[in-house]
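Biologist: Before we talk about any terms, could you put the sequence and the model side by side, please?

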Amino acid sequence: MSSPYDSIAELYDPWSVSVVEDVAFYLQEARRSGGPVVELGVGTGRIAVPIAAEGIRVIGIDSSRAMLDVCARRAALAGVEVDLRRGDLRTPPVRERVPLVICPFRSLLHMHTNDDRRAVLAAVRELLQPGGRFAFDVFTPGAEDIAQTQDRWLEREPGIFELAHWDETARTLTLTVRGPNGETTMALAWLSVDEWRALLEQAGFAVEACYGWFDRTPFKGQDDSVWIARTE
Ligand SMILES: C[S@@+](CC[C@H](N)C(=O)[O-])C[C@H]1O[C@@H](n2cnc3c(N)ncnc32)[C@H](O)[C@@H]1O
């Protein structure tokens, strides 16, 4: 199982250092659930480690061995344990049943077909206890965002550059990230908010909330959408 994240595992934390707005949101949901929490696409533990630091058990799934290695290091530095397991979002290697599954920072955009998305949602339902919640965020780029970034190298953080190529017909973003200690190109696929809602409902979830940002302001056409779905 190779992953486009393997070659940027050491770059990921400096690349995402400014992304902090979602941590408190997922932490609140974890506290509300009481745990344990399954994080799909745990990455380097940006969200999982703060949750574990609250004494809440986290099971983190990721397909990138290198990202999991960085996560284990980060957890050790913080003096916490995260139960890390290598696996796919569609077939997470988890037998436990939990009150909360999270999939932060747009990781669902790694799913390119509705079959893949449905497989993730079915897996999440399987993992959840009755009445359990699935919290995640995705984005649906606006015309302005596309126009400002299309095919231009932009310095996201000092010495770390991104190149976005948007295909509005296929609704895919091909993103190249380049830094002093790594480079990768990955493909992401987006849907409209209505399409996400329909997929959730078809999978047997009730949409409890769809926010436009992590401060829980209602969704009103923003690029980001932040979801809480409940098993019925
Ligand atoms: C944008 S990062 C998010 C990491 C972390 N959740 C965060 O908020 O910083 C996406 C993560 O999903 C993982 N990922 C991508 N496709 C995956 C798949 N099919 N199965 C499991 N993990 C996957 C990547 O390896 C990466 O660590």
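**Reading the terms in this model**

Modeller: Helix α2 has as its buried residues Val-23, Phe-25, Tyr-26, Leu-27, Glu-29, Ala-30 and Ser-33. This is a predicted model, in which local features need pLDDT of at least 70 and side-chain atom pairs count only at pLDDT 80 or more, while totals for chains, interfaces and linings use all residues. Residues are numbered from 1 along each chain as its sequence is written, and side-chain values use heavy atoms, with hydrogens and water left out.

Biologist: Why is Phe-25 called buried?

Modeller: Buried means under 20% relative accessible area, exposed over 50% and partly exposed in between, with a 1.4 Å probe and protein chains only. Phe-25 has a relative accessible area of 1%, and therefore counts as buried.

Biologist: What do the buried residues of α2 pack against?

Modeller: They pack against β1 (37-40), α3 (48-52), β4 (98-103), β5 (128-139), β10 and β11 (224-231). Helices (H or I, at least four residues) and strands (E, at least two) are DSSP runs, numbered from the N terminus. After α2 comes Gly-34, whose phi is positive, near 85 degrees.

Biologist: How many aromatic pairs does the structure hold, and why is the pair of Phe-25 and Tyr-211 called edge-to-face?

Modeller: The structure holds 13 aromatic pairs. Rings of Phe, Tyr and Trp (its six-membered ring) pair if their centres lie within 6.5 Å, and planes under 30 degrees apart count as stacked, over 60 as edge-to-face and the rest as tilted. The rings of Phe-25 and Tyr-211 have their centres 6.3 Å apart and their planes at 80 degrees, so the pair is edge-to-face. This pair links distant parts of the chain, since Phe-25 is in helix α2 (residues 23-33) and Tyr-211 is in strand β10 (residues 205-211), 186 residues apart. Tyr-211 has a relative accessible area of 15%, and therefore it too is buried.

Biologist: What makes the pair of Trp-166 and Trp-190 edge-to-face?

Modeller: Their ring centres are 5.8 Å apart and their planes stand at 65 degrees, so this pair is edge-to-face. Trp-166 belongs to strand β7 (residues 160-167), whereas Trp-190 is in the loop between β9 (182-189) and α7 (193-202), 24 residues apart. Both Trp-166 and Trp-190 are buried.

Biologist: How do you know that Arg-85 is buried?

Modeller: Arg-85, which is found in strand β3 (residues 83-86), has a relative accessibility of 17%, and therefore counts as buried.

Biologist: Which side chain makes a polar contact with the side chain of Arg-85?

Modeller: The side chain of Asp-83 does, at 2.8 Å. A polar contact is a pair of N or O atoms within 3.5 Å; within protein, one must be able to donate a hydrogen and the other to accept it, and residues adjacent in sequence count only if both atoms are side-chain atoms. A polar atom of the Arg-85 side chain also lies 3.0 Å from the backbone oxygen of Pro-93.

Biologist: Which ligand atoms lie 2.7 Å from Glu-39 and 2.6 Å from Asp-62?

Modeller: A nitrogen atom of the ligand lies 2.7 Å from a polar side-chain atom of Glu-39, and an oxygen atom of the ligand lies 2.6 Å from a polar side-chain atom of Asp-62. A polar backbone atom of Ser-63 is 3.2 Å from a nitrogen atom of the ligand.

Notes:
Contact = heavy atoms within 4.5 Å.
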